[in-house]
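Reader: I'd like to learn how to read the nonpolar core and the confidence of a model like this one. Could you walk me through them?

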Amino acid sequence: MKRFYLVFLIVSSSVANISCVPKQIPNVKQELEVHLRGSINHESNIPFDSTEISSFYKKYPDLEKYAKNVFDIYRRYNFRQIWFDENGVVEFGHSLFSKVNELDREGIVSVFPYQEKIDGVFLDEIDNTLTNTETDLMLSNLFLFYAGKVYTGVDDKTSTALEWLLPRKELSYENILDSVLLNPGLVQKDSIIMFRQYFKLRDVLQKYREYEKNGGWKTVEVEPKVKPYKPGDTSKVIQQIREHFFITGDIAEDNGSNKYDDELVEAVKKYQLRHGKNLQSAITPALIAEMNVPVEERIKMIIVNMERCRWVSPEVVKASELIFVNIPSYMLYFNRNNQRILESPVVVGKTMNKTVVFSGNMSSVVFSPYWNVPNSIVEKEIKPGIKKDPNYLAKHNMEWNGGQVRQKPGKKNSLGQVKFIFPNSNNIYLHDTPSKSLFAKESRAFSHGCIRVAKPRDLAIKILENNPEWTVDKIDAAMKSGTEKWVSVKPKIPVYIGYFTAWVGENGEINFYEDIYKRDERLYSILVEGGN
């Protein structure tokens, strides 16, 4: 078998199919990985009968979904073989075969439907039963399979059914194949078509597979009737916890001590931070239960979040300003010029009122807002309250307004003293809240779907920072005025509401969060059951 390459290829014309990508391809740093080396033989002089394509799919029906695009490609090449030159299969075919054999590295659990046929093309010990034309067609389908699995993921219909309403990147596997075959000489880095978080998760996946290969980690015992362990306590459980943290990299060395010392305190806090827990020195049974999640389950979490990354355009991170809310971590992040300028805990929708995964453009900040109560809440809560107490509206600082109920501005307003509007059909926005105590809880899924922000004043200041008219003093006065005031945000700021239960931070460490809407297992099942 020819020497193959662990390098990636993607062409600039496929980039042109990504929405929001500028016509000029941006420079990409040299250290970023590239994909598939080589190209197809676009000047081939080996013709074949076009009817062989139909015959091919009759013989290999599991590839039929690729038929139309493949036919269009070969028609443009006047039905000539494109994967061969005078030396046999081109270099691009060998590197493609290499990458398909490493799909597990990409978190892919599928197998090419006719892998044994492909093996026969490249492996000397296996007989090749394909004709040259069948080999050519099989390789075109192999690339389509690879690109669809690695670059695109499950189709739009499936991701929408999983309640993912963020816009999918406009890069279909058909476009990738078409671009590569028609423009094979134009090479760009695959980071242009892949969300960079994907590569970080992929690196961590290899680390966790090594953990798995070495037996993972032992179950930490939970001693009956034992209260949370505190610094200074001694126990064989403390020794087990120390060993666990050494495996996961939360502590530098395992000295075998059974005493809960200062070094272990720092490791506990580091672990809590990576799992979205409140920082405390006590080691609770709940924290031990978190440690006892098997490495196999963590690998599943990494894989499903790699899949979610396939749906996101890499252009997201190139916005000069960006507000990102990750539902499972209960956190909001505000970046400007690729620098983090604000982090804030948030409260998101409870299970019965899930916060929607979608995006919008922030257009307005509203100080001292009215709260226009949704009809669903009016029917379920307000009207029954009025029946029990005729003074219900007055007691809650509410009033009828044009046939609807609204709550007047003030400290007790359910939206607090400021809200942030990014128009959307889901009627979801960011806002302040008078219920500040909820931000102290680890699990913060309490709202009717909107997102409550722990630091609304700071967020307003940062959003209007470039508007000289809106000084900090003026913002403070507007929040307390009791009179609703709308301020336009120019330019508008992209807001992304995402759902990632595994996320690699800037320090390269993996963070795992509770799957609050129970979506991971369903997605993993689709990836496994999707098979080919």
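Author: Gladly! A nonpolar core is a set of buried Ala, Val, Leu, Ile, Met, Phe, Trp, Tyr and Cys residues joined through side-chain atoms within 4.5 Å; buried means under 20% relative accessible area, with a 1.4 Å probe and protein chains only. This is a predicted model, where local features need pLDDT of at least 70, side-chain atom pairs count only at pLDDT 80 or more, and totals for chains, interfaces and linings use all residues. Residues are numbered from 1 along each chain as its sequence is written, and side-chain values use heavy atoms, leaving out hydrogens and water.

Reader: Which residues touch the most other members of the largest nonpolar core?

Author: In soluble globular proteins, nonpolar side chains tend to be buried together. Here the largest core has 119 residues, and F367, L430 and I463 touch the most other members. A second, separate core has 17 residues, including F245 and L264.

Reader: What does I463 touch?

Author: Contact means heavy atoms within 4.5 Å. Leaving aside residues up to four places away in sequence, I463 touches I323, F334, M362, V365, F420, V489 and I493.

Reader: Where is pLDDT below 50?

Author: pLDDT is the predictor's confidence in each residue, from 0 to 100. The protein averages 87, and 88% of the residues score at least 70. Over residues 1-34, however, pLDDT is below 50, although this stretch has 103 contacts beyond near neighbours in sequence. Residues 184-189 also stay under 50. Where pLDDT is low, the predicted coordinates should not be read in detail.

Conventions
Buried < 20%, exposed > 50% of the residue type's maximum accessible area, 1.4 Å probe, protein only.
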